[in-house]
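Biologist: Let us go through this model together. I will ask for the grounds behind each label.

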Amino acid sequence: MEGKDQWRVLEFYSGVGGMRYSLVKAGVNAQVVEAFDINDVANDVYEHNFGHRPYQGNIQSLTAADLDRYEAQAWLLSPPCQPYTRQGLQKQSGDARAFSFLRILELIPHLSRPPILLFVENVVGFETSDTHAKMIETLKSSGFVTQEFILSPLQFGVPYSRPRYFCLAKRNPSSFWCPCFNDKLIWCPSPLFVHDGEPVTFECLRPQDNWDKLLESCVPVEHFLEFKSPAGPKTAEYGFENANIVSRECNDSSKGHDERNGFSSTGLDLYHVPLSLIERWGSAMDIVYPDSRRCCCFTKSYYRYVKGTGSLLATVQPEMKGKGFPLKEQCLRYFTPREVANFHSFPEHFVFPDHVNLKQRYALLGNSLSVAVVAPLLHYLFTEPS
Ligand SMILES: C[S@@+](CC[C@H](N)C(=O)[O-])C[C@H]1O[C@@H](n2cnc3c(N)ncnc32)[C@H](O)[C@@H]1O
């Protein structure tokens, strides 16, 4: 492809469009010619933000002729991750949710116009699955070279732990900027930022063990908050007007958690963690403070369950934080969907249509990806060595 031509891109499993935001952020001269997703609520959100409704069908039913018709040179795919998650049954290619991706792989050798570039995102664990083995075998036999990464937003200055697997593939004669990493699994972002003549570091070829150092270079959680006082951390009320009012309000368990759909009430009371939950699940909760430099991965079950689904924010004054103070006095709240979107480095103009309720918002965001991580990966993928 000539450097000045616009790439024609297909976005499979488009969800709320995290890949598309990453493509824009990467500054790639590209046009998404079609997006595909089976979920109508995700498609509502995508259409609301991008003015284009994704093709709403099962990706599994696409044919080689359908795909050829788009004349796309790049494919971006974030297939369902449940077949590979540690918490799941790990049925891998035997899980029905893996079938559509396997089908897409099967079609590649039969295309008249196979893509030149391919990008796949999934959970850590995918790289040891039989689906992965099938993907690599198909790509190799179709003339692709691959470079694979496991990266987290923490490595990009974002206080958010969400390690994910990425496969970048380029079809011959297209090649990577750093070919020395072909066929390798890379654990740090430095190859993405290597410039002409700079030495490459092979440190990246083993899992990173310098997480404490990384945390130091992350900006604090308070930078990602929707509700904060401009007065600064000492006097900030990170979401609650007054700590005394809050401890009464956030401990008000009379309001059923399940009734909270995002419309019954306005403001922060939607986000208070009820006392009943703190009493039952307190020991399993991951609590962070506005000055923390790490936050746990938000999953699609955030707000429905507290264990292992994402961090909760303690909104007390800094001097009241820590183990010395009981959890129920820490004024815990959930991060808002906007705040989760901020941790995913979504642009400020990303919004949900009004009819999408709170649980749906968390579920859609939990399924999405970190633009801070994917944008530099896409930039690297789309850049040809000069
Ligand atoms: C991991 S999420 C990807 C999210 C997306 N990258 C984003 O930024 O929101 C997987 C998406 O694939 C969709 N999906 C799953 N199986 C599908 C299939 N067989 N056909 C079409 N879409 C499917 C789901 O609805 C979900 O939105």
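Biologist: What do the buried residues of H4 pack against?

Modeller: They pack against strand E1 (7-12), E3 and helix H5 (130-141). Keep in mind that this is a predicted model.

Biologist: Which residues of H4 are buried?

Modeller: Ser100, Phe101 and Ile104 are buried there.

Biologist: Why do you say that the buried residues of H4 line one face of the helix?

Modeller: Look down the axis of H4. Its buried residues fall within an arc of 100°, so they line one face.

Biologist: Take Leu139, in helix H5. What makes Leu139 buried?

Modeller: Leu139 has 20 other C-beta atoms within 10 Å. The cut-off is 20 or more, so Leu139 counts as buried.

Biologist: Which residues are in contact with Leu139, leaving aside its neighbours within four places in sequence?

Modeller: Phe144, Thr146 and Ala169. A contact requires C-beta atoms within 7 Å. As for Leu118, it is 21 residues from Leu139 in sequence, and the C-alpha to C-alpha separation is 9.4 Å.

Biologist: Now Cys81. Where does the "active site" label come from?

Modeller: From UniProt, in an unreviewed entry that lists Cys81. Such an annotation may be inferred rather than shown by experiment.

Biologist: Where does Cys81 lie?

Modeller: In the loop between strand E3 (74-77) and helix H4 (99-107).

Biologist: Is Cys81 buried or exposed, and how do you know?

Modeller: Buried. Cys81 has 21 other C-beta atoms within 10 Å. The label needs 20 or more, so Cys81 qualifies. Not counting residues up to four places away in sequence, Cys81 touches Asn122 and Val123.

Biologist: What is the order of the open sheet of seven strands?

Modeller: The order is E2-E1-E3-E4-E6-E5-E7, with mixed pairing.

Biologist: Why are strand E2 (30-36) and E7 placed at the edges?

Modeller: Each has a single partner strand, so one side of each is left without a neighbour in the sheet.

Biologist: How do you know that strand E4 (residues 117-123) and E6 pair?

Modeller: Seven bridges join E4 and E6, in the antiparallel sense. Pairing takes at least two bridges, so E4 and E6 pass. Within this pairing, Val120 has Cys167 in E6 as its bridge partner.

Biologist: How many bridges join strand E5 (residues 144-151) to E6?

Modeller: Eight, and E5 and E6 run antiparallel. Phe149 is bridged to Phe166 in E6. Glu148 stands opposite Cys167, also in E6.

Biologist: In which sense do E5 and strand E7 (residues 185-186) pair?

Modeller: Parallel, over two bridges. The requirement is at least two, so E5 and E7 count as paired. In E7, the bridge partner of Phe149 is Ile186.

Biologist: Why is strand E6 (residues 164-171) called largely enclosed?

Modeller: Seven of its eight residues are buried, so the rest of the structure largely encloses E6.

Biologist: And what makes E5 largely enclosed?

Modeller: Six of the eight residues of E5 are buried, so the rest of the structure largely encloses this strand too.

Biologist: Turn to the open sheet of three strands. What is its order?

Modeller: E8-E9-E10, with mixed pairing.

Biologist: What makes strand E8 (287-288) and strand E10 (332-334) edge strands?

Modeller: Each pairs on one side only.

Biologist: How do you know that strand E9 (residues 312-314) pairs with E10?

Modeller: E9 and E10 share three bridges, in the antiparallel sense. The threshold is at least two, so the pairing holds. Leu313 stands opposite Arg333 in E10.

Biologist: Which residues come nearest to the ligand?

Modeller: Tyr13, Gly15, Gly18, Asn39 and Ser100, of the 22 residues around the ligand.

Biologist: How do the residues of the shell around the ligand divide?

Modeller: Into 10 nonpolar, 11 polar and one charged. Gly counts as polar in that tally.

Biologist: Last, the chain as a whole. How many helices and strands does the chain have?

Modeller: The chain has 11 helices and 10 strands. Of its 386 residues, 40% count as buried.

Biologist: Among contacts between residues at least 6 apart in sequence, what share join residues at least 24 apart?

Modeller: For this chain, 70%.

Key: Residues are numbered from 1 along each chain as its sequence is written. This is a predicted model: local features need pLDDT of at least 70, side-chain atom pairs count only at pLDDT 80 or more; totals for chains, interfaces and linings use all residues. Helices (H or I, at least four residues) and strands (E, at least two) are DSSP runs, numbered from the N terminus. A residue is buried if 20 or more other C-beta atoms lie within 10 Å of its own, exposed if 12 or fewer, and partly exposed in between; C-beta atoms are placed from the backbone. Two residues are in contact if their C-beta atoms, placed from the backbone, lie within 7 Å. A residue is near a molecule or strand if its C-beta atom, placed from the backbone, lies within 6 Å of it. The arc is that of the directions from the helix axis to the C-beta atoms.
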